[in-house]
Amino acid sequence: MNSRVVKIAIPVVGASVLLVVAFVGWFVISAWWSNPPPVLGFGEGPEQPIAFPHTVHVSDAGLDCQFCHRTVSTDEAATIPAVAQCLFCHGFDKIDGRLSTSETAQEELAKLIADLGEPQQPINWNRVYRLPDHVQFVHAPHIQQGISCSTCHGEIGEMQVVKQVRNLKMRDCVDCHRDNGAPTDCSTCHY
Amino acid sequence: MGLTRRRFLQWAGATGIGAVVFNGCRVPDHEIQVQSPVQIPEDLVTGRDNYYATVIQGPSSSEGLLVRVMEGRAKKVEGNPDYPMNTGKHGLRAEALLQAAYHPDRIKTPLRRVAKGGPYRPIGWPEAIGELTRVLNEADPSRVVLATAPIRGVLADVTHRFADSYGARLIGFDPLDQTVLRAAMKRVFGQDALPDFDIARTGYLLSFGSDFLGTWLDPTHFARGYGEFRQGDGERGYLVQVDSRFSPTAAAADQWVYVTPGSEGLLAMAMIHTIVSDGLGDGAAASALTGGRGASALSAFTPSAVAERVFGETGGGAERIRKMARDFASKEHGQALAIGGGSAGAYANGLFNLTAIYALNHLVGAVDPPNGGGLVFNPPSDEPRITAAPLREWKQLIGDMRAGNVDVLLVRDANIDYGLPGSLGTREALGKVGTIVSFSSFLDETTVLADLILPGSTPLEEWGTDIPDPGPGYRTVAFQQPVINPFHGTLSFGDVLLQTGRELGFGDQLPWATMRDAVRDTARALHETGGGSVTQPTFPEFWKRALERGGWWDMNATAGAASAPPRLPTATVLPKLAGDENQYPFFLVPYEAHGIGAGGFAHLPWVQSAPDPITTVAWATWVDVNPTTARELNLHQDDIVIVGAPNGRFLEAAVYVNPATPPHVVSIPFGGGHEHFTGVAAKRGANVLDILEDSEDTETGALAWAGTRVRLTKTRNRVKLPKLEGNELAVQLPGEEVIEVQHVSR
């Protein structure tokens, strides 16, 4: 191999490798300290089994968060609504289609609503927010203190696909607790 | 670096170990996924419950309820303390509504027969409604019949509009209809609705045949008044029960007066004669009742002339009648009130009986008296209601069916194959109907003959209203709301009618998308009155409050006065019992069973297992037989006897030797003997309705269900009746000397 080419190639390859390593390092550190940078599809919300549009339900229909996430003000988890609750409103769609008119909506609802008389199936949604096992987070006291859902979850009503908008790392939690005069003892979250 | 065999194996091994290690690091699915369950589990997680107010309407009863709901399931039914009819109490049938909703034998989806007489195939609702629309489109409306159990409120309005728009014949069905009582109210008081009885403030209550503490009309409502009557602030009321059967009301009475079946009216007329001739009652009323002729107009009813017929073998003489009349007319106990119904109105002379009984009230000022304690009339209502048609109309309809003049029969909770007398041949007639469509939630005897089944909801799952009849004496509208989502793929009858009506093209007459919209319209009209128990500035607030309270009522909206007393008959009308007295020596006095009624609640296990208040028998049909009669016929407790009627029909039931049963009377509860109607009711007991003669009240045409004579034939079979009485060893309580215990062999 020509030594001149080698002399040029080695720094170029080395610089490229360093660049890649630096990029990976930056990506990992960013993801570690905050959210993954929005590249290569990272940072987007996960694809869900039913393309449920919060935009339609929150912004257009004006539903309150607690209409579906029923236990957010009373319990640990906000809970994902049961299929039966979707059918509070969509139960008659199969009969007269009076709620959902668009073709997309009909296609997505067809996944939700079994034929009447057939058993409904549970839906496995992909989590958007997930905290480590050693963190105990209880929704109820936060809502009861008047912290709005959007403080942590962002403007859900404007999201076609829900994604994580806040890193929810320990520093984030502690800062918020400190700013709002909430306890910052370790045992507040780690018990 | 060449690839050697050793190196290949090393790489392969390293790759395998890496795969295992890195797979172990993968986040498990259950951490990156969260599941929406099918049903709603949040309430289970929190352990909290919700209470929703609703109402259940029976043919003549109305009970406001509060239903406890957890995890989307109804758990317990309680009475609504606000609702004027039952004020916090509730009956056995309301309690068992939970079992209707969660019954394992409910029809879960629309069904259609593959071919005439073939098996059923489950279908979806669009297909079911499409099929119903097709059937109705192709039929001649004048040959279509819509038969339903009695309905009040919004559903009655929707049903009327549907039938009228389409042109179908609408007919109500109840095996033990109140046609005679309604006719008596019209004749004696000029009222179109059933009255309320202010039992709480009555001093002397004279009841003829009406088991108002057991099953008659609205026993939960009456029992509230009875509690005050006996244990209220005032003097303890005095109750006399005139009956040919020892009913729970007779058991609670101060006096039980046995009368020969069908002679209740005769006794009442003789009492009127005494009151008029002795000048004890209201003179103006006496004059009106007798056409100004006084006691001479009632000469056919002197106590001495009727005493033997009235009391029969019990031997009460004319003096007993006179004493009853004087006690009734005296003010010793306070306001007197006479009520009657049940078996007293179920003979060929039923209207004669009830006319005489209720006429007594005119003589003692019991018609809406100023201090209470009498009859209270409800304000007239222009809301449509569907009442049960008398047997005479049903006979005509069965004849039309048999002649092939009915193409389509729509049936909602009208189990006519079970509930009409067997001699009518209802099943054969139903076989001649082109298409039968049932809206029942259960496969009862009529529904199994249907070609198309569109299963309805149970009362806990549907919207509606109720205008109680009898009501509390003022305008009342109860709201029925679904306290749970439909547990299966069912749709309420009203919603099916609304959708089918739109498909048929008369949406103009049915201007509501759903029953909920129809109920909201009713609520909106009440809101606009601006008065009553719920007043709110805006309609949404009114709607919420009215649903929370279970209804709306206006205590100022009371009824007008009753009409003047009618002219009483001057001659006796006889009960005309079917069957020769020598061949068929026993009066058959059937009665509505404590829980299962006339059979409509036989599919509910709690109701079936509730012991009869008198005999303690449950889950069976039995024949009450007097001990002397039993000895004469060599019958013993638990012997199976054949009860034969003059029309050749018979049933088999076990003997219950009852010392309170008169010697020439046998009593059998209604409600048993279903062929179908779920595994709980099927093949259990016997159906008395099946053996009854199809005799009618001569004036109204209602079924004279107590007007059949029977004979008893012993068989060699025995069965141990399931009952509480005598099955537990009685134990003497220490220190309770007053209780005398007789040990029984187990």
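Reader: What makes strand β22 (residues 622-625) and strand β24 (residues 650-657) of chain B a pair?

Author: Bridges do. β22(B) and β24(B) have four bridges, in the parallel sense, so they pass. In this pairing, Val623(B) stands opposite Val655(B) in β24(B).

Reader: Where do these strands and numbers come from?

Author: This is a predicted model, in which local features need pLDDT of at least 70 and side-chain atom pairs count only at pLDDT 80 or more, while totals for chains, interfaces and linings use all residues. Residues are numbered from 1 along each chain as its sequence is written, and chains are lettered from A and ligands numbered from 1 in the order in which they are written. Strands (E, at least two residues) and helices (H or I, at least four) are DSSP runs, numbered from the N terminus.

Reader: Which way do the residues of β22(B) point, and are they buried or exposed?

Author: Trp622(B) and Asp624(B) point one way, Val623(B) and Val625(B) point the other way, and all of them are buried. A residue is buried if 20 or more other C-beta atoms lie within 10 Å of its own, exposed if 12 or fewer do, and partly exposed in between; the C-beta atoms are placed from the backbone. As a rule, in a regular strand the side chains alternate between the two faces of the sheet.

Reader: Why do β22 and β25 of chain B count as edges?

Author: Look at the whole sheet: six strands in the order β22-β24-β23-β26-β21-β25 (chain B), open and with mixed pairing. β22(B) and β25 (665-666) of chain B each have a single partner strand, so one side of each has no neighbour in the sheet. For β25(B) that partner is β21 (residues 586-588) of chain B, paired in the parallel sense over two bridges. There, Phe587(B) stands opposite Val665(B).

Reader: What is the pairing in the sheet β18-β19-β20 of chain B?

Author: This open sheet of three strands is antiparallel. Its edges are β18 (464-466) and β20 (551-558) of chain B, each with a single partner strand, so each has one side left without a neighbour in the sheet. Five bridges join β19 (residues 474-480) of chain B to β20(B), and Val477(B) faces Trp552(B) across that pairing.

Reader: Why is Ser61(B) called buried?

Author: It has 24 C-beta neighbours inside 10 Å, so it counts as buried. Ser61(B) is in the loop between β2 (50-57) and β3 (62-70) of chain B. Leaving out residues up to four places away in sequence, Ser61(B) touches Leu217(B), Asp218(B) and Thr220(B). Touching, or contact, is defined by C-beta atoms, placed from the backbone, that lie within 7 Å.

Reader: Why are the buried residues of helix α12 (residues 283-290) of chain B said to be on the same side?

Author: Ala285(B), Ala286(B), Leu289(B) and Thr290(B) are the buried ones. They cover an arc of only 120 degrees around the axis, which places them on the same side of α12(B); the arc is that of the directions from the helix axis to the C-beta atoms. On the other side, Gly283(B) and Ala284(B) are exposed. Among what covers the buried residues are α11 (264-277) and α15 (350-363) of chain B.

Reader: How many residues does each chain give to the contact between chain A and chain B?

Author: Chain B gives 23 residues and chain A gives 24. On the side of chain B, the elements with two or more residues are α2 (29-32), β1 (33-36), α3 (42-46) and α6 (125-138). The largest share, four residues, comes from β1(B). By class, this side of chain B has 10 nonpolar, 10 polar and three charged residues, where Ala, Val, Leu, Ile, Met, Phe, Trp, Tyr, Cys and Pro count as nonpolar, Asp, Glu, Lys and Arg as charged, and the others, Gly among them, as polar.

Reader: How many bridges join β1 (residues 123-126) of chain A to β1(B)?

Author: Four, and the two strands run antiparallel. One bridge has Asn126(A) with Gln33(B) as its partner.

How values were computed. Contact = placed C-beta atoms within 7 Å.
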